[in-house]
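Let's sit down with a model and learn to read its features one by one. Have the sequence and the 3D view open as we talk.

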Amino acid sequence: MPSIVSKCWVILTHRSFLWLLLIINVVGTIWGYDWYGWQLEMTKPIFLIFVPDSPTASLFFSIAIVGWLLGRHWKLIEALALITLVKYGLWAVVMNIWALIEDGSIGWMGWMLIFSHFMMAVQGVLYLPAYRFSFIHVWIAAIWTLHNDVIDYVFGQMPIYHMLSDYVQTIGYFTFWLSICCISLAFWTARKSFSFAQRSSTL
């Protein structure tokens, strides 16, 4: 009898569910880029690609889903999706909770950001068995991720939270180690075998 995990995996990898997940991520990506619009307007062109972190993460995952629906594995995209989904998903959760502590209130928008970004990280982890990237793809994704941290905290292109402006160095330090943890997760995934997924998945 298939285990509960195997049954859940069949649902997660069903084409109908993947299409639904793709639509949700595409809508979230578009909304995310629009949300960053005001910051992008004041950003130098050379830094534009590094500013909208979360929507770019969901864009990577959307492209990965398209690949799965086509029966393909775009391995570098998958590595980038895992690392950035988990990193920026958890980062935004921590920043909004921190903002709540500082201000005492974050409104419905803040709570929505906490929920949506937490689900970003969750979906990245739920699909660990689907990824087919190797160590070289993780290394390239790691360079992108750490380079993005440099752009954010050395060149001042991080997402703007005015109530946390006095803690930029602390946030930068936290972000660096969060990157290391997410990169480590990707390396672990690259060498891990998920037997239940191999039995039940068409990915």
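Predicted model: local features only at pLDDT ≥ 70, side-chain atom pairs only at ≥ 80, totals over all residues.

Q: Which residues does UniProt list as "transmembrane region"?
A: The unreviewed UniProt entry lists residues 12-33, 45-70, 79-101, 107-128, 135-155 and 167-190. Keep in mind that such positions are given in the numbering used here, feature names are shortened, and annotations may be inferred rather than shown by experiment.

Q: How much helix is there in residues 79-101 and 107-128?
A: Helices here are DSSP runs of H or I with at least four residues, strands are runs of E with at least two, and both are numbered from the N terminus. Residues 79-101 are 100% helix and 0% strand, with the end C-alpha atoms 33 Å apart. Residues 107-128 are 91% helix and 0% strand, and their end C-alpha atoms are also 33 Å apart.

Q: How many salt bridges are there?
A: Look for a side-chain nitrogen of Lys or Arg within 4 Å of a carboxyl oxygen of Asp or Glu. A search of the whole structure turns up one. D149 pairs with K87, and their closest N and O atoms are 2.4 Å apart. The pair links distant parts of the chain, with D149 in helix 7 and K87 in helix 5, 62 residues apart.

Q: Are D149 and K87 buried or exposed?
A: Buried means under 20% relative accessible area, exposed means over 50%, and partly exposed is in between (1.4 Å probe, protein chains only). Both D149 and K87 are buried. T145, also found in helix 7, is buried because its relative accessible area is 1%.

Q: What makes up the nonpolar surface patch?
A: Patches take residues with over 30% relative accessible area and no salt bridge; nonpolar side chains (Val, Leu, Ile, Met, Phe, Trp, Tyr) are joined within 5 Å, and like charges within 9 Å. Here L76, F135, I136, W139 and I140 make a patch of about 490 Å². Helix 7 (residues 135-154) gives the most, with four residues. L76 is found in helix 5 (residues 75-103), and L76 counts as partly exposed because its relative accessibility is 32%.

Q: Where is the empty space?
A: Rolling a probe the size of a water molecule over the atoms shows where empty space is left. On a 1 Å grid over the protein atoms alone, a cavity is a set of points where a 1.4 Å probe fits but cannot get out; a pocket is an open set with protein on both sides within 12 Å along at least five of seven lines, and lining residues have an atom within 4 Å of a point.
The structure holds one cavity of 30 Å³ or more, and the largest cavity has about 40 Å³ of space. Its lining includes D53, Y88, W144 and N148, with helix 4 giving the most, at three residues.
The largest pocket has about 670 Å³ of space. Of its 32 lining residues, I24, G28, S116, H117 and M120 are the closest to its centre.

Note on methods
Residues numbered from 1 in each chain as written. Heavy atoms only, no water. Areas by Shrake-Rupley, 256 points an atom, 1.4 Å probe, with all protein chains shown as cover. Points joined across faces, edges and corners; volume = space filled by probe spheres on them.
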